[in-house]
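Please go through the report below with the sequence and the model at hand. It moves from overall form to single residues.

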Amino acid sequence: MSDREAYGPALDDAVSLAGRWLGGVREESIPPTADVDQVKDGLGRELPDRGPGAPEVLRRMAEAIEPGLMRIGSPRFHGWVMGGVQPVSLGADWLVSAWDQNTGLRTVTPGVVAAEELAAAWLNDVLGLPTTAEVGFVTGATVASLVGLVAARDEVLRRAGWDAAAQGLAGGPRIRFLVGAERHGSVDSSGLVAGLGRGRVVEADDQGRMRADALRAALAEGSGPAIVCLQAGNIHSGAFDPLGELTDIAHEAGAWVHVDGAFGLWAAAAPGLRHLTSGLERADSWATDAHKTLNVPYDCGIAAVADAEALHRAVAQHAAYLASSADVADPADRVLELSRRARGLPVYATLAQLGRDGVAELVQQLADSAQVIADGIRAIPGAEVLNDVVYTQVCAAFGTDERTRAVGAALLAGGDALASPSVWHGRAVLRFSVSNWLTDAAEAGRTVAAVRRAVEAAG
Ligand SMILES: *Cc1c(COP(=O)(O)O)cnc(C)c1O
């Protein structure tokens, strides 16, 4: 049997099983029907002495696991902020697995490094980042923020005369880490791992945007090295911190500015939304996801740092056996990983297909669909939209907290649309996030119809 034939059955099965799953994503009920224990029972809990052939393993996986899958790819899935997957992105992702390139070094695999470097340059272009910003492909925005924050940490210490690489962190100057009141929880995790502690919380306005006067006051409380973490895209309101104004205030105090823009940074790609990110290019580092707004498969986060040297000093690996290129940065100089998949390739493929205009239209379509959902909910008696809908997020309440939770439960039970229950500014809310390329005005209208049915069911 040739090697091609050895792979054939597994790949053919994977293609047909994936096709069947993807074919049901738009119309089938969204929530999973099996829990973890039921899926384990279906898979079989015992490790066999020897198992069946690959096709049988894959078929059993599909049969047992699919009841336990959430149809995150549904155009009416609005939970959390999760994105979907575009055909070209999925195809590219499959090639990444088939090629199986260890993407740490230029000399080892020039092919995928070339595509990733083009994707990086194109990202700087569509996101309005400095053309010279250094881009690393990581697993998600949490790790992208970690990469940005370790670069920030070592650089603000270096400016204060402390060499973190030579001296470590203990005994060095204390770094002031300033974060917004409505930051994403991942900023806390990244800050903790980077050794910055939990951060001094800076007050936000009614939409969750960090307040300029509060940042100025917080910076004036002390002196010495500082890092300010701003946000582009609040998970409840979709609001953007006034990036330019806050960055200027932070820079006056000598602070490094990191922006968590996991899904919001993409507003910069759409002419009609770009004003939300005004001044973002003046920050020092940025974290975003390709697996949310751009709709490539997990896992694909993006860390960008304006000062390439600062990034390399903080994360690069050096060893004689790695034979890294002497003058040019390797992929492993930009992230906290050496061996990794070529996760930038789905980004390359998606940008290559959509082009600048296609990305702009995608982001605008998501924001327009959020408006359709917001307008539809406002028209339901007793329903309220609590946030200013400026981007892709809608926070709705349906009377008392108890009734809002009941509407959420009825929506989930209906299975036609899904929103995340949450609490915002002390009130129970249902959060609708639009982050899937399949969500358009028609699908947003179907979401509204499902919400109306849920409201009736909740009584
Ligand atoms: C999703 C999200 C993150 C975390 O991103 P991951 O890719 O899940 O690690 C961080 N910040 C915001 C605003 C997010 O929406």
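For the charge count, Lys and Arg are positive and Asp and Glu are negative, while His and the chain ends are not counted. Each charge is placed at NZ of Lys, CZ of Arg, CG of Asp or CD of Glu. On that basis the protein has 39 positive and 57 negative charges. Their mean positions lie 3 Å apart.

This is a predicted model, in which local features need pLDDT of at least 70, side-chain atom pairs count only at pLDDT 80 or more, and totals for chains, interfaces and linings use all residues. Residues are numbered from 1 along each chain as its sequence is written, and side-chain values use heavy atoms, with hydrogens and water left out.

**Overall form**

The protein has 14 helices and twelve strands. These are DSSP runs, numbered from the N terminus: helices are H or I with at least four residues, strands are E with at least two. The C-alpha atoms fill a box of roughly 65 × 60 × 45 Å along the principal axes. The radius of gyration is 23 Å, which agrees with the value near 23 Å for a compact globule of 459 residues. That radius is taken over C-alpha atoms, and the globule rule is 2.2 Å times the number of residues to the power 0.38.

Of the 459 residues, 52% are buried. Buried means under 20% relative accessible area, exposed over 50%, and partly exposed in between, with a 1.4 Å probe and protein chains only. The accessible surface (Shrake-Rupley method, 1.4 Å probe) comes to about 19800 Å². Carbon and sulfur atoms hold 54% of that surface.

A contact means heavy atoms within 4.5 Å. Among contacts with a separation of 6 or more, 72% join residues 24 or more positions apart.

**Aromatic pairs**

Rings of Phe, Tyr and Trp (its six-membered ring) pair if their centres lie within 6.5 Å; planes under 30 degrees apart are stacked, over 60 edge-to-face, and the rest tilted. The structure holds four such pairs. One of them joins Phe263 and Tyr391, stacked at 6.0 Å centre to centre with 15° between the planes. Phe263 sits in the loop between strand S6 (256-260) and strand S7 (285-289), and Tyr391 in the loop between strand S9 (384-385) and strand S10 (393-397), so the pair ties together parts 128 residues apart in sequence. Both Phe263 and Tyr391 are buried. Together with Phe240 they form one aromatic cluster.

**Backbone details**

The loop between S7 and strand S8 (301-305) holds Asp299. The peptide bond from Tyr298 to Asp299 is cis, with omega near -5°. Asn295 lies in the loop between S7 and S8 too. Its phi is near 65°, a positive value in a residue other than glycine. His425 also has a positive phi, about 50°, and is not a glycine. His425 is found in the loop between strand S11 (418-424) and strand S12 (427-433).

Arg158 belongs to helix H6 (residues 141-159). From Arg158 to Ala444 the C-alpha distance is 50 Å, across 286 residues of sequence. Val36 is in helix H2 (residues 36-43). Val36 and Ile65 are 29 residues apart in sequence and 9.2 Å apart in space, C-alpha to C-alpha.
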